[in-house]
There are 2 protein chains.
Amino acid sequence: MVDAPRPSAPPNPGAGEIFQILRDGTARTKAELAALTGLARSTVSVRVDALLAAGLLRPAGEAASTGGRPPARVAFNPRAGLVLAVDLGATHATIALADLAGAFLDSHTRTVDIGDGPETLLDAILRDGATLLDSPAAAGLPLLGIGIGVPGPVEHSSGRPTNPPIMPGWDRFDVPGFVQRTFDVPVLVDNDVNILALGEHATAWPDVDDLVFVKVSTGIGAGIIAGGQLQRGAQGSAGDMGHVQVPGGVGSTRDADDERDLEALASGSALAAALRAQGHDARGPADVIDLVRSGDAAAIAATRQAGRDVGEVLATVVNLLNPSIIVLGGSIARAGEHLLAGVREVVYRRSIPLATQHLAIVQSQAGDRAAVLGAAIMVARDVLSPASIDRRLAAPSA
Amino acid sequence: MVDAPRPSAPPNPGAGEIFQILRDGTARTKAELAALTGLARSTVSVRVDALLAAGLLRPAGEAASTGGRPPARVAFNPRAGLVLAVDLGATHATIALADLAGAFLDSHTRTVDIGDGPETLLDAILRDGATLLDSPAAAGLPLLGIGIGVPGPVEHSSGRPTNPPIMPGWDRFDVPGFVQRTFDVPVLVDNDVNILALGEHATAWPDVDDLVFVKVSTGIGAGIIAGGQLQRGAQGSAGDMGHVQVPGGVGSTRDADDERDLEALASGSALAAALRAQGHDARGPADVIDLVRSGDAAAIAATRQAGRDVGEVLATVVNLLNPSIIVLGGSIARAGEHLLAGVREVVYRRSIPLATQHLAIVQSQAGDRAAVLGAAIMVARDVLSPASIDRRLAAPSA
């Protein structure tokens, strides 16, 4: 196979591009692939054979014969390899084993303390990963990549956390480099809200091009999908809603000199502090949720006000980005409809009518699994991209 | 040529895709195009011949011979046709004639009153367009499309303005349908700030993926380029900064009940009103600019405060989208550095450090021509897209 130079404008329809056609799961013959791509039959044959040899395609029976030997079909083989998907939180870490279609085979969750630092923590998670890879579910398939979500800002291009407030010892830590000492595969790292947005989008809103996912739990952050793509911005810090300054807040006089970060007003931590100041026993977000669920009037009122405060910032987001869907997730969003009600109250009143007339504001539907699913999607997309496939086939080991 | 079905995943490398390779201006042989695309030589030949017959490619000499007849080269022919680009403002309209590479051949600007309504106004502009097409500069080349920027929100998919505040009679008016009665070609309509963003991006920052263009003149709006794409949002209203609510404003007590739209605080119209209230003779934005340029202390202070108010909203934009570049344009931005200074003062203080450390906030460099250039780029991209090229070649007239 000639290694033709790649033009910058359109993709060279190499093996990687042929493979993209088959990712929809439909089995096709070489003749069908030649018709779909316009490639010469001989070119298709060479590339399909390479993909079969690499295990990325599998034989999928025969098409109806039109006389003579019936043509063989090939199809995407999601079991060509595995990915590990990690959802790392402040107090827990889940690592899941998934196939290349994102189907989960097995997972393990452990209690952690993010303050233990990256080496201790990643070592423990990677041991769990090794156990998963040794389990019967893995069936001895090769690991092709690892996706990791962490609870703080990340420079996505390098996989290094950047000044993460609740992750002492992680600032500028080379997560991919450390992980690759154990597993020599591509490692992608992103903040937890971005992977939640990917997971929620894939699960509940796959056809929506413009979606904003907001997580309200210990902190507050957003994952922005615009024009069908997750937007990370120039340094990977896009979606930082928590540090947007808003006037006033619960119990403040709300004059302009009293502006605070949204997170200091409306996060689970802020709600717990506000409730403690009123004499409640609320050490953290979990206690706020318990109080809300038990019907405590002060906790419900504070949560609704937090929704209004989040809504103030989202009203601006709606004018700027005109999304179709805003999804509220995170533990505080899950504690009933109070946060949602507060957000709706403000956004529908304050954003421009053109942007709100078809806007839905909803609770997260993907639930707890959205984060690991998003991490699996992030890394599977990378591993199965045309460029990655072409690199894999060109490598001596392929 | 077999009209193969198009897969949804990768592009069918038809004539339209071959054409994209040549848009970089480099002349290539059929053999080089076959190597670049992986297409069979016979397929490339049929498609290149169709593009030559349609005039989209032109013969471009011969490559060095390796023995025998030297192979012929072909290249993109920007003079395969023309586009008309319209920049419609409240008081003026410019229509420019451009080739398919966006080079201007001729243009005409007329004084208008947007209040005259769409039919009167578009008729006058289209007469100017017909004059341009009849001029020697047009050389009798065919018109392939028209791009129009208007001073108000537009549903881009239909080309209809949507509740445009300063465009009486234009609400839901079918601009493409009306224009096509005179010129039966594709007509794309967008708001003026989006086409300014496209023009500024193409002229000054072609390699930047994340750019926010802010226009401060009679009103205030933004054009958002994220992930390399202009983001219009679900209904085409993305970038509406003018109706973001901000606390206080010039001379207000700035308590929370005194929130106003950014446009009501910091636009050219708002500045004129504030200066009139102080006894100045400032009927509109033009007078504000004259006062600023003459060194009037009150006008300068008001413009700087307007910059701070715009900066309050941009601080949120920076946290949300993490752009590399913010470009300030519009007449108030051009009246010296005062608006820019106010914006910088607030954004660098209030946005998160990760998002501001490499952020540049600059004046528009593309100047007056950015709008028509952006309109020409918008329509040329559409006319030269793979799908449009393939449609053109399949049409009976091609």
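## A first look at a two-chain predicted model

Val83(B) touches Ala98(B), Leu100(B), Leu144(B), Gly145(B), Ile146(B), Gly147(B), Ala376(B), Val379(B), Ala380(B) and Val383(B), leaving out residues up to four places away in sequence. Here, contact means that C-beta atoms, placed from the backbone, lie within 7 Å. Val83(B) also belongs to the largest nonpolar core, which has 244 residues; Val83(A), Ala376(A), Val83(B) and Ala376(B) have the most contacts inside it. Such a core is a set of buried Ala, Val, Leu, Ile, Met, Phe, Trp, Tyr and Cys residues joined through C-beta atoms within 7 Å.

A word on reading this: the model is predicted, with local features needing pLDDT of at least 70 and side-chain atom pairs pLDDT 80 or more, while totals for chains, interfaces and linings use all residues. Residues are numbered from 1 along each chain as its sequence is written, and chains are lettered from A and ligands numbered from 1 in the order in which they are written.

| Domain of chain A | Residues |
|---|---|
| domain 1 | 15–76 |
| domain 2 | 81–185 + 371–394 |
| domain 3 | 206–365 |

The C-alpha centres of domain 1 and domain 3 of chain A lie 48 Å apart.

Chain A also has an open, mixed sheet of five strands in the order S13-S12-S11-S16-S17. Strands are DSSP runs of E with at least two residues, helices runs of H or I with at least four, numbered from the N terminus; pairing takes at least two DSSP bridges. S13 (229–230) and S17 (360–363) of chain A are at the edges, each with a single partner strand, so one side of each lacks a neighbour in the sheet. S11 (211–216) and S16 (325–329) of chain A pair in the parallel sense over five bridges, and Val212(A) stands opposite Ile326(A) in S16(A).

Finally, why is Leu359(B) called buried? Leu359(B) has 22 other C-beta atoms within 10 Å, and buried means 20 or more (exposed is 12 or fewer, partly exposed in between), with C-beta atoms placed from the backbone.

Notes. Domains from an automatic or database assignment. Contact = placed C-beta atoms within 7 Å.
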